[in-house]
Each structure stands twice: as structure tokens, then as C-alpha cells.
Amino acid sequence: MTKHIAVIRGDGIGPEIIEQAIRVLDRVAELYGHNFIYKDVDMGGCAIDKWGSPLPEDMLNKCIKSDSVLLGAVGGNKWNDLPADMRPEKGLLRLRAGMGVYSNNRPAKIWKQLSDASPLKKSIVDKGIDFIIVRELIGGIYFGEHKTENIDGKETAVDVLKYSEDEIARIGRIGFETARKRRKKLCSVEKSNVLDSSRLWKKVMHRLADEYPDIELTDMLVDNCAMQIVKDPSQFDVIVTENMFGDILSDEASMITGSIGMIPSSSLGDTSCGLYEPIHGSAPDIANQDIANPIGAILSAAMMLKYSFDMAIESDCIENAVSRFLDLNYRTADIMSDGMTLVGCKQCGDIILENLRKE
Ligand code: IPM
Ligand code: MG
């Protein structure tokens with residue numbers, strides 16, 4: 001199969017981790033007779049430096065026209081003082097909205113080899129951590145009006161959180177469908193004791209529940225959810241939540257699995273053209289030192305094969321190679337522990353490549 005992949009290396013550790021993901025994709029193509037054609041796209045701080053915009057229109061179009069997009073990370077201190085509209089993150093938000101990818105899927109699954117890396121007690125980890133956060137990605141407070149003005153001599157800032165019932169229903173359906181393919185438990189997370197948008201969220205989720213009688217729907221307030229994720233993560237199968245709550249909870253969820261460096265994500269809308277990115281940021285403090293963990297990016301490429309290209313076997317082949325890397329006791333700095341062999345970003349890629357076999 002031939003697939004056109006838009007590649008956004010981005011800023012910070014983005015280029016080095018994406019390099020390893022592409023080596024892995026190339027080997028998969030070789031093993032299974034596929035042809036992956038890459039098109040480089042500038043986004044984030046590097047695009048600001050080169051083109052004066054975090055995501056120029058023609059770059060967005062390249063992404064929309066591709067079969068899928070693989071992204072490293074964007075952002076860095078260098079661009080922190082730019083006005084909101086010119087920040088690297090704005091490129092990412094424009095890309096998500098421009099591609100219409102409203103459903104962000106972030107798995108929190110502990111690798112058995114890394115159970116010691118979790119900051120949680122062994123008795124909690126041993127009950128199992130395997131859930132998915134389905135985060136609404138192109139609505140809510142991220143996309144409402146933002147303004148800062150002077151009222152009565154005081155600087156005053158406003159961010160608007162708005163959701164329509166249709167926006168809630170389309171992500172709600174993804175939550176139910178995701179649960180249907182798993183353990184059939186869906187937890188809808190909101191703040192309905194305070195926010196109108198959350199009350200509407202809850203109402204729509206319950207309306208949808210009638211269409212999914214095989215799924216057990218529960219509701220949880222977001223503050224309680226943050227607590228339950230560390231108290232007993234084994235209770236969760238699928239969590240569905242709005243944009244900002246999903247942003248925060250997914251960082252927390254990733255951390256209990258050992259390292260944010262291991263977690264991939266997929267973002268999809270109504271077509272098979274998806275956006276695949278590790279959930280960690282650009283980590284400028286460790287960029288260009290060959291110490292970043294490329295596994296989040298490599299597993300994002302695996303998700304792309306599975307969810308956008310219908311290549312489940314090829315995707316499993318990448319996951320198995322990552323598992324063998326861990327079995328062989330190799331670790332990048334973020335997941336390093338006693339008795340393991342420390343490797344850098346490129347060497348991590350080398351070892352995963354050596355362990356990539358046709359399933
Ligand atoms: C994420 C990131 C982004 C977000 C930032 C970089 C805009 O934190 O993907 O979780 O908040 O969505
Ligand atoms: Mg985040």
C-alpha cells in the first residue's frame with residue numbers, strides 16, 4: 001500500500017524522536033511491502049522563525065491532503081513572549097481544528113516491564129492500569145473567545161468555555177464506541193456541580209446511553225476523577241471528557257504508567273486522516289542531547305498504522321519490538337532504574353529496529 005504521510009518534526013526534541021519513528025516506519029514498509037512517502041511540514045516555533053507564522057496556510061493544506069500526519073512536538077522558551085496568536089501552540093490548535101480532529105485518544109497502560117517506574121504503590125499498580133482517555137479536542141475553552149482588557153484600570157482576562165449539544169454528542173459517541181471495543185465501561189467526566197457546559201455534557205451523555213444499552217455509563221466530577229486516577233486506576237476503562245479536563249487528566253494518567261515519554265496519541269475526526277503525536281511536549285531542556293525517549297513517537301506511528309491505514313498487524317509488530325526493547329532491560333533516561341542499561345534516543349531506535357520482526 002502507498003501512503004502519504006505529512007511529517008511535522010517541530011521544535012525541541014521533536015526532530016530527534018520523529019527521526020527514530022521514521023526509521024521504524026521505513027523498516028515496517030520494507031518488511032510488509034508498503035510504500036510510505038513523507039512530506040515535511042513546518043509548524044510551531046521553527047515555522048515562526050522561517051515563515052513568520054506558527055502554521056502557514058499551505059502547510060495546513062499539505063496536512064489535510066495527506067493520508068495522515070505524524071507530529072513530534074512544538075514550543076519552547078524562545079517563543080514564550082510572543083502574543084497568543086503567534087505562539088507555536090497556536091499552530092497545533094489550528095492544525096487540530098483545520099483537520100477537524102475532534103477526538104483525541106490517549107491510552108494509559110502500564111507496560112509490565114515498567115511497573116517499578118510508576119510512582120504509585122505496588123499494591124495499586126498490581127490491580128492493573130489499562131484505560132483510555134477520550135478527550136474532546138477542538139472545542140471548549142481552548143477555542144472560545146480569549147481576551148485581556150482594561151476594566152476600571154485593572155487588567156482583566158476572559159476565556160469562554162462553550163459547547164453545543166452536537167459537539168458533545170459526537171465525542172460522546174466515540175466514547176461509547178471505544179468502550180464497546182474494550183471492557184464496556186464508560187466514565188463521563190465533568191464539573192456539573194459548577195458549570196453549565198458540564199451540566200449539558202452530562203445530559204447529552206445520558207441521552208446517548210439509551211443507544212448503547214450494553215455499555216455501563218458512570219459520571220464523575222473532574223476533581224474526584226483526578227483523585228481516583230491515583231487511588232485506584234484499575235476502576236477505569238474509558239474516560240470521556242472535554243478539552244481542558246482531558247489535557248490535565250491525560251498528563252496525570254501518563255505519569256502513573258511510569259513516564260510521559262512512553263505515551264502516544266491519536267486524533268481523529270470523520271475521515272481516516274488522523275493526527276498522531278506523543279503526548280509529551282518539546283522538552284527544550286533536553287533537546288539535541290540524544291537523551292529523549294522516542295518511544296512515544298514510535299508508538300504514535302504504530303497507532304497511525306492501526307487506526308488510519310488499517311494495518312493492525314504492522315502496528316502490533318512495532319509494539320512487540322518496543323516490548324522486546326524493554327524485556328532486554330534497555331531504558332532511556334526517563335525510565336531508567338537500577339540494573340538496567342541506559343541508552344540514548346538514537347540507540348533506542350537502533351535496538352527497536354533490530355527487534356522488529358514480521359509477525
Ligand atoms: C497537549 C498539549 C497541548 C494542549 C498544548 C501544547 C497546546 O499540552 O497536547 O496535551 O494543551 O492540548
Ligand atoms: Mg497537555
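This is a predicted model: local features need pLDDT of at least 70, side-chain atom pairs count only at pLDDT 80 or more; totals for chains, interfaces and linings use all residues.

Modeller: Residues are numbered from 1 along each chain as written, and chains are lettered from A, ligands numbered from 1, in written order. Local features need pLDDT of at least 70 and side-chain atom pairs pLDDT 80 or more, whereas totals for chains, interfaces and linings use all residues, and side-chain values use heavy atoms, without hydrogens or water.

Helices are DSSP runs (H or I, at least four residues) and strands likewise (E, at least two), numbered from the N terminus; axes are fitted to C-alpha atoms, for helices over the stretch in contact, with angles from 0 to 180 degrees between N-to-C directions. Angles under 35 degrees count as roughly parallel, over 145 as roughly antiparallel, 65 to 115 as roughly perpendicular, and the rest as oblique.

H1 and H12 cross in the right-handed sense (the near helix is turned clockwise from the far one by less than a right angle). From H1, the residues in contact (heavy atoms within 4.5 Å) are Glu-16, Ile-17, Gln-20, Arg-23, Val-24 and Arg-27, and they face Cys-345, Lys-346, Gly-349, Asp-350, Ile-352 and Leu-353 of H12. This contact comprises 5 nonpolar, 2 polar and 5 charged residues, where Ala, Val, Leu, Ile, Met, Phe, Trp, Tyr, Cys and Pro are nonpolar, Asp, Glu, Lys and Arg charged, and the others, Gly among them, polar.

H1 also meets H11, and there the axes come within 11 Å and cross at roughly 130 degrees, so H1 and H11 are oblique to each other. The crossing of H1 with H11 is right-handed. Val-24, Val-28 and Tyr-32 of H1 touch Ile-313, Glu-314, Cys-317 and Ile-318 of H11, a set with 6 nonpolar residues, 1 charged and no polar ones.

The largest pocket holds about 950 Å³ of space. A pocket is an open set of points on a 1 Å grid where a 1.4 Å probe fits, with protein on both sides within 12 Å along at least five of seven lines, and lining residues have an atom within 4 Å of a point. Of its 33 lining residues, Asn-105, Pro-107, Ile-132, Met-303 and Tyr-307 are the closest to the centre. Helix H11 (312–327) is among the elements that give two or more residues to this lining, along with strands S4 (103–109), S5 (130–136) and S11 (266–268) and helices H6 (165–180) and H10 (295–307). The lining divides into 16 nonpolar, 9 polar and 8 charged residues.

Technical notes: Grid points are joined across faces, edges and corners, and a volume is the space filled by probe spheres set on the points.
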